[in-house]
Amino acid sequence: MLFSELFSEANVTPAKIVGEAEIGVLCADSRAIKLGEVFVCMPWNNTDSHSFISSAVDHGASSVIVHSSEALETWIGKIAVALVEESVFDDSIWRLAKVA
């Protein structure tokens, strides 16, 4: 499945999506990412999960779902990336996970 198809099939409209990649499953643990998986930057109160994107890419992530426009801008052109705003993040991730 393609990154953009994941959003279409889950009926989730990201604020912005840039790039395309073949994808596998969703994963929120950068240490456990396998080749072709989507790294999901979960919004946490005690840490900025965007700081783990480099590790996820090093482990083979093909794409990233972020929740800040700053992270989106940082990764454009380096990996397929989609911005899902925090206000709809939880619901969107559940719907994406059901499709992936």
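So, what pattern does the chain follow, read along the sequence? It goes α-β-β-β-α-β-α-β-α, which gives four helices and five strands. Helices here are DSSP runs of H or I with at least four residues, strands are runs of E with at least two, and both are numbered from the N terminus.

Quick housekeeping. This is a predicted model, where local features need pLDDT of at least 70, side-chain atom pairs count only at pLDDT 80 or more, and totals for chains, interfaces and linings use all residues. Residues are numbered from 1 along each chain as its sequence is written, and side-chain values use heavy atoms, with hydrogens and water left out.

Okay, overall shape. For 100 residues, a compact globule would have a radius of gyration near 13 Å, and our chain comes in at 12 Å, which agrees. That radius is taken over C-alpha atoms, and the globule rule is 2.2 Å times the number of residues to the power 0.38. Along the principal axes, the C-alpha atoms fill a box of roughly 30 × 30 × 25 Å. Of the 100 residues, 44% count as buried; buried is under 20% relative accessible area, exposed is over 50%, and partly exposed is in between, with a 1.4 Å probe and protein chains only.

Now the sheet. The five strands form an open sheet, ordered β1-β5-β4-β3-β2, with mixed pairing. The edges are β1 (16-18) and β2 (26-27), each with a single partner strand, so one side of each has no neighbour in the sheet. Two strands count as paired if DSSP finds at least two bridges between them. For β1 and β5 (residues 80-83), there are three bridges and the strands run antiparallel.

Last stop, M1, in the segment before α1. M1 is partly exposed, at 32% relative accessible area. Leaving aside neighbours within four places in sequence, M1 is in contact with L6, E9, A21, E22, I23 and V99, where contact means heavy atoms within 4.5 Å. For the chain as a whole, residues 24 or more positions apart account for 49% of the contacts with a separation of 6 or more.
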